[in-house]
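User: I am new to this structure and would like to be taken through it one question at a time. Could you begin with how the strands are arranged and then move on to the ligand?

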Amino acid sequence: MHRIIFLGPPGAGKGTQAAELAHRLGIVHLSTGDILRAAVAQKTELGQQADGFMRAGQLVPDDLVLGMLKERLTQPDCRGGFLLDGFPRTIPQAEALDRLTEIDRVVSFEIPAPTLIERLSRRRICPKCGTNYNLESKPPRVAGRCDLDGAELVHRPDDQPGPIETRLKVYRDQTAPLLEHYRRQGRLHPINASGSPADVGARIRKALQ
Ligand code: AMP
């Protein structure tokens with residue numbers, strides 16, 4: 001069974017790689033960002049509480065995210081394994097996760113900050129299925145439309161310069177300390193996340209062997 005965490009700054013390619021690897025391994029891909037964006041779009045109570053934090057590039061409070069994650073992780077499809085993408089993002093989230101379940105491996109995406117800013121500003125996503133595109137390196141086949149379902153691609157409000165800067169700072173201050181948390185547990189596998197998705201994917205599979 002695979003219980004994997006992808007850890008890394010926004011724009012490092014976690015979402016793209018997570019979708020691909022989860023598919024290969026036949027495990028559930030759990031992106032807290034995707035779940036929250038769906039809640040915002042559906043205007044659920046959680047979505048309404050999360051919306052302002054997300055737009056600003058701030059983290060959604062731990063209790064909200066934890067409640068949502070616990071509910072999702074205890075569903076039957078997660079029993080065969082899961083890949084967490086974008087969770088945990090704070091030390092309290094990691095400690096709560098440690099109490100909830102065992103984690104096998106944590107892949108940390110290492111990449112220089114200028115590359116992140118470039119990737120985030122060129123990113124477009126499908127609001128329907130969550131697939132990520134990049135105007136330069138991974139454009140959709142038809143301009144502005146998702147390859148999988150034809151929905152109109154959007155530029156996330158938090159992929160604009162102000163929120164990007166906030167998100168990178170939030171990562172450094174609140175999420176980067178998790179690297180030490182998992183290093184101490186002997187579960188951390190750092191990989192070089194620069195280069196093409198195919199190259200990065202190969203490095204991840206090697207690290208997980
Ligand atoms: P992402 O798609 O992973 O970049 O997440 C987008 C936004 O959703 C983040 O900037 C946060 O506002 C929120 N979010 C996603 N996951 C978490 C989490 N584990 N804890 C707190 N906020 C989160």
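**Strands, helices and ligand**

User: Which residue of β7 does Glu-110 stand opposite?

Analyst: This is a predicted model, in which local features need pLDDT of at least 70 and side-chain atom pairs count only at pLDDT 80 or more, while totals for chains, interfaces and linings use all residues. Residues are numbered from 1 along each chain as its sequence is written, and side-chain values use heavy atoms, without hydrogens and water. Strands β4 and β7 pair in the parallel sense over five bridges (strands pair with at least two DSSP bridges; DSSP runs give strands, E, of at least two residues and helices, H or I, of at least four, numbered from the N terminus). In β7, the residue opposite Glu-110 is Asn-192.

User: What is the order of the strands in the open sheet?

Analyst: Strand β1 (residues 2-7) and strand β4 (residues 105-110) run parallel and are joined by four bridges, and Ile-4 has Arg-105 of β4 as its bridge partner. Strand β3 (residues 81-85) likewise pairs with β2 in the parallel sense, over four bridges. The open sheet has five strands with parallel pairing, in the order β2-β3-β1-β4-β7.

User: Which strands lie at the edges, and by how many degrees are neighbouring strands turned on average?

Analyst: The open sheet runs in the order β2-β3-β1-β4-β7, and its edge strands, each pairing on one side only, are β2 (28-31) and β7 (188-192).

User: What angle does α2 make with β2?

Analyst: Strands β2 and β3 are joined in the parallel sense by four bridges, and Ser-31 has Asp-85 of β3 as its bridge partner. Helix α2 packs on the sheet and touches both β2 and β3, where contact means heavy atoms within 4.5 Å. Taken between N-to-C directions on a scale from 0 to 180 degrees, with axes fitted to C-alpha atoms (for helices over the stretch in contact), the angle of α2 with β2 is about 65°.

User: Which helix gives the most residues to the shell around the ligand?

Analyst: The ligand is surrounded by 16 residues (near means a heavy atom within 4 Å), and the closest are Thr-32, Arg-37, Gln-58, Gly-86 and Gln-93. Four residues of the shell come from the helix spanning residues 32-41, and this largest contribution belongs to α2.

User: How much of the ligand's accessible area does the protein cover?

Analyst: An N or O atom in the side chain of Thr-32 is 2.8 Å from a nitrogen atom of the ligand, a polar contact being a pair of N or O atoms within 3.5 Å. Oxygen atoms of the ligand lie 3.1 Å from a polar side-chain atom of Arg-156 and 3.4 Å from one of Arg-167. Of the 470 Å² that the ligand has on its own (Shrake-Rupley method, 1.4 Å probe), the protein covers 95%.

User: How far apart are the axes of α7 and α8?

Analyst: Helix α7 (residues 161-175) packs against helix α8 (residues 177-184) at an angle of about 40°. The contact involves Tyr-171, Arg-172, Asp-173, Gln-174 and Thr-175 of α7, together with Pro-177, Leu-178 and Leu-179 of α8. The separation of the two axes is 5 Å.

User: Which two residues does a cis peptide bond join?

Analyst: Most peptide bonds are trans. Pro-88 lies in the loop between β3 and α5 (91-100). With omega of about -5°, the cis bond joins Phe-87 and Pro-88.

User: What is the phi of Lys-43?

Analyst: Lys-43 sits in the loop between α2 and α3 (45-56). Although Lys-43 is not a glycine, its phi is positive, at about 55°.

Terms used: A polar contact is a pair of N or O atoms within 3.5 Å; within protein, one must be able to donate a hydrogen and the other to accept it, and residues adjacent in sequence count only if both atoms are side-chain atoms.
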